[in-house]
Number of protein chains: 2
Amino acid sequence: MFKLSKTTDYGIVLLAQLARNASTEPQNARELAAASDLPVPMVSKILKTLAKEGLLVSRRGSKGGYQLAFEPKDLSIADMIRVLEGPVGLTECAIGPALCVHETVCAVREPWQLISGVVEQALTDVTLADLIHDGTSPIFSSVRNILQIEGRDAFRSDPVASPAPLADRDH
Amino acid sequence: MFKLSKTTDYGIVLLAQLARNASTEPQNARELAAASDLPVPMVSKILKTLAKEGLLVSRRGSKGGYQLAFEPKDLSIADMIRVLEGPVGLTECAIGPALCVHETVCAVREPWQLISGVVEQALTDVTLADLIHDGTSPIFSSVRNILQIEGRDAFRSDPVASPAPLADRDH
DNA sequence: TATTTACAGGACCGGTTTGGTCCGATATCT
DNA sequence: AGATATCGGACCAAACCGGTCCTGTAAATA
């Protein structure tokens, strides 16, 4: 279905939770799981990954838990995805050279790299801080603008009707 | 790794190949596989899907094969992904309501829908016609512009340094 | 120091998806 | 009739995903 894995999805929710309750006191896995309505072992596993990758700092023992290692505004969606899911890129060849054996034959590599660039940029422009401001963040008006501009005439003067009849699928 | 499946990847390459050699004569699976350096059975399977979903028209028997059902400029990347991969959306809740059991608790739903919207728009703006013009298509200068604008100051006045130290991963 | 709390680092597992092959049936051209 | 291709589907191994669990270790507290 072209979507993020649940691990990434949950991870971002957890980071948002941590950012919202940011304080000097770390939050532990159990609390975070309860606040997000997610199973504790899963949450624990994800938090461990985030800590290992440097997005969180952890403190062990009693009164231990996790805290953000960065200011929310310094952590982009793209960063979070990279850490939890791996490099961002729609195709292998968009991530780096020499990853795809068909590179020499493939005629659509450069276009893909540009498209991937746009997607990655969109994910880089939104930060954790934007996520926790309930849509009041200024970025979202910008996003809405971009969507309108692009949808109207930024790229193409006559917006083509989408080839509608494509049947619904269910996978 | 947050990427498209190989089926989708190959499918788009095949569509590009079909668009490039567009003529009155249909092209068969074997020819297309050879031109794209991909295994014939796999190509055949993908072409069948594309035909069933209405992106290609097929002709059986001798001198049979496949032809595009649409003008290249009327087929967007988003359409192709939808057909081969399913609905486009970074998270379940970005695709439609009532798909995620955490919807009532989740605090980042609206932001995700907007982010997904941007990504989907980017994929909708590029068409099959753009893919086969070797980067000479006007859209790519637009894309380059968008990337520059966004990277510079469209969203945020002081571009933050990305939190670099995140270790490389290999999954 | 003993106890409790909580992260660290794994192994592990069932189920689904993915990438890929193969086959019989059917349609079309010569 | 025979050759050529798609159609529809079964089939399979391997990878991946979501999720659990267990042992070890660090920190706080009593």
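A residue is taken as near a molecule or strand if its C-beta atom, placed from the backbone, lies within 6 Å of it. The structure is a predicted model, in which local features need pLDDT of at least 70, side-chain atom pairs count only at pLDDT 80 or more, and totals for chains, interfaces and linings use all residues. Residues are numbered from 1 along each chain as its sequence is written, while chains are lettered from A and ligands numbered from 1 in the order in which they are written.

**View 1. Residues around DNA strand D.** Among the 25 residues around DNA strand D, those that come nearest are Lys6(A), Pro39(A), Gly61(A), Asn28(B) and Ser58(B). Helices (H or I, at least four residues) and strands (E, at least two) are DSSP runs numbered from the N terminus. At least two residues of this surface come from each of helix 1 (6-20) and helix 3 of chain A, and helix 3 and strand 2 (65-68) of chain B. Helix 3 of chain B supplies the largest share, five residues. By class, the surface has six nonpolar, eleven polar and eight charged residues; Ala, Val, Leu, Ile, Met, Phe, Trp, Tyr, Cys and Pro count as nonpolar, Asp, Glu, Lys and Arg as charged, and the others, Gly among them, as polar.

**View 2. Residues around DNA strand C.** DNA strand C has 25 residues around it, of which Asn28(A), Ser58(A), Lys6(B), Pro39(B) and Gly61(B) come nearest. Helix 3 (40-52) and strand 2 (65-68) of chain A, with helix 1 (6-20) and helix 3 (40-52) of chain B, each supply at least two residues of the surface. Helix 3 of chain A gives the most, four residues. The surface near DNA strand C divides into six nonpolar, ten polar and nine charged residues.

**View 3. Helix 3 of chain A and its buried side.** This helix has 13 residues and reaches 18 Å from its first C-alpha to its last, close to the 18 Å expected at 1.5 Å a residue (the expected span is 1.5 Å times one less than the number of residues). Val43(A), Ile46(A), Leu47(A) and Leu50(A) are buried in helix 3 of chain A. They cover an arc of only 100 degrees around the axis, which puts them on the same side of the helix; the arc is that of the directions from the helix axis to the C-beta atoms. A residue is buried if 20 or more other C-beta atoms lie within 10 Å of its own, exposed if 12 or fewer, and partly exposed in between. The buried residues of helix 3 pack against helix 1, helix 2 (29-36), strand 1 (56-59), strand 2 and helix 4 of chain A, where contact requires C-beta atoms, placed from the backbone, within 7 Å. Gly54(A), with a positive phi near 95 degrees, follows helix 3 of chain A.

**View 4. Leu75(A) in its loop.** Leu75(A) lies between strand 2 and helix 4 (77-85) of chain A. Leu75(A) counts as buried because it has 23 C-beta neighbours inside 10 Å. Leu75(A) and Leu55(A) are 20 residues apart in sequence and 8.5 Å apart in space, C-alpha to C-alpha.

View 5. Strand 1 (residues 56-59) and strand 2 of chain B run antiparallel and are joined by four bridges; two strands pair if DSSP finds at least two bridges between them. Ser58(B) stands opposite Tyr66(B) in strand 2. The hairpin has five residues between the strands, and Gly61(B) takes a positive phi near 75 degrees.

Methods: Two residues are in contact if their C-beta atoms, placed from the backbone, lie within 7 Å.
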